[in-house]
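Grab a pencil and open the viewer. Below are a few exercises, each followed by a solution worked step by step.

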Amino acid sequence: MEPYDLLSRWTANELNAVVISVEYRLAPMHHFPVQFEDVYAVVKFFLQTSVLARYGVDPDRVCVSGDSAGGNLAAAVAQQLLDDPEVKAKLKIQALLYPALQTLDLDLPSYKENENKPILPKSLMVRFWSEYFTTDVSLKEAMASNRHVPAESSHLFRFVNWSNLLPEKFKKDHVYASPIYGSSKLGKKYPGFLDPRAAPLLADDTKLFGLPVTYVLTCQHDVLRDDGIMYVSRLRKVGIEVIHDHIEDAIHGALMFITSPTDLALGHRVANKYIEWLNVNL
């Protein structure tokens, strides 16, 4: 987690808060659900009454947060905590920064518009998703053509149907096309890509009730833009309070520019939006 060290320290100082940054095991050396299990184990341990007290943390003021893949894990952890009777402390906030939230449709408007944008082009995101589950190139090839979801999982597409979940300004002139289904073998061999712990947008609405106040930050020039926006729509639909900051001139990974001399202005502007909101609401 070395690249996040400065950001974590800065966050701790700005919020006068205890920050736990989890160095979970990474793909492709390790595959799902290892990453989720690593992060969940840490969060569950930290939320014990005795541990919170040891660090002087108010149990009514706990937030789980992450950017990109970390946003994926934060969202998955928040959902899982709702079903864990052993965890007594409740999250006050989940903050998801340009999160990766779904594996089903890799041809969303944001994927089309930002296919070749810097930092995270579509080809790299497809590689990241496929290697999260396996090094078998057949899954990567199927994801690249958006033909990896088996017909028996067709019911899941209602959770990521951008024609219903995106505001008009993000639909533009894009036309929704019905899914083209892939081999059942991939779904059976690598069921992780159909698991809400890997793709939190696939959670049923009943699993979203009880989630904490949610902050979502999305960037216009980012293949993952629509993942975050669709989650905003779904959470609001079930009555969760959501604050959505959309940065029109930002790219994926903007928050990390706080550590780079190449674009400090962008990094600080994005980071300040996030920190200022937490300062008021946490």
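**Exercise 1: a helix and its surroundings**

Helix α11 covers residues 225-237, which makes 13 residues, and spans 19 Å from first to last C-alpha, close to the 18 Å expected at 1.5 Å a residue. Keep in mind that this is a predicted model.

Task: work out why α11 counts as largely enclosed by the rest of the structure.

Solution. 
- Step 1. Set the cut-off: a residue is buried when its relative accessible area is under 20%.
- Step 2. List the residues of α11 that pass: Arg 225, Asp 226, Asp 227, Gly 228, Ile 229, Met 230, Tyr 231, Val 232, Arg 234 and Leu 235.
- Step 3. That puts 10 of the 13 residues in the buried class, so α11 is largely enclosed by the rest of the structure.
- Step 4. Now look just past the end of α11, where Gly 239 adopts a positive phi of about 95°.

**Exercise 2: classify a ring pair**

Task: say which class the pair Tyr 215 and Tyr 274 falls into: stacked, edge-to-face or tilted.

Solution. 
- Step 1. Start with the overall tally, which is 12 aromatic pairs in the structure.
- Step 2. For Tyr 215 and Tyr 274, the ring centres sit 6.2 Å apart with planes at 40°, so this pair is tilted. The reasoning is that planes under 30 degrees apart would be stacked and those over 60 edge-to-face.
- Step 3. For another look at rings, find the cluster in which ring pairs link Phe 32, Trp 129, Tyr 132, Phe 133 and Phe 193.

**Exercise 3: neighbours across the sequence**

Task: which residues does Glu 131 touch, leaving aside those up to four places away in sequence?

Solution. 
- Step 1. Locate Glu 131 in helix α6, residues 122-133.
- Step 2. Its contacts are Ala 27, Pro 28 and His 31.
- Step 3. Take His 31: 100 residues separate it from Glu 131 in sequence, yet their C-alpha atoms are 7.3 Å apart.

**Exercise 4: a surface patch**

Solution. 
- Step 1. Zoom in on Val 42, found in helix α2 (residues 34-46). Val 42 is partly exposed, at 30% relative accessible area.

Conventions:
Residues numbered from 1 in each chain as written. Predicted model: local features only at pLDDT ≥ 70, side-chain atom pairs only at ≥ 80, totals over all residues. Heavy atoms only, no water. Helix = DSSP H or I, 4+ residues; strand = E, 2+ residues; numbered from the N terminus. Contact = heavy atoms within 4.5 Å. Expected span 1.5 Å × (residues − 1). Buried < 20%, exposed > 50% of the residue type's maximum accessible area, 1.4 Å probe, protein only. Phe/Tyr/Trp six-rings, centres within 6.5 Å; stacked < 30°, edge-to-face > 60°.
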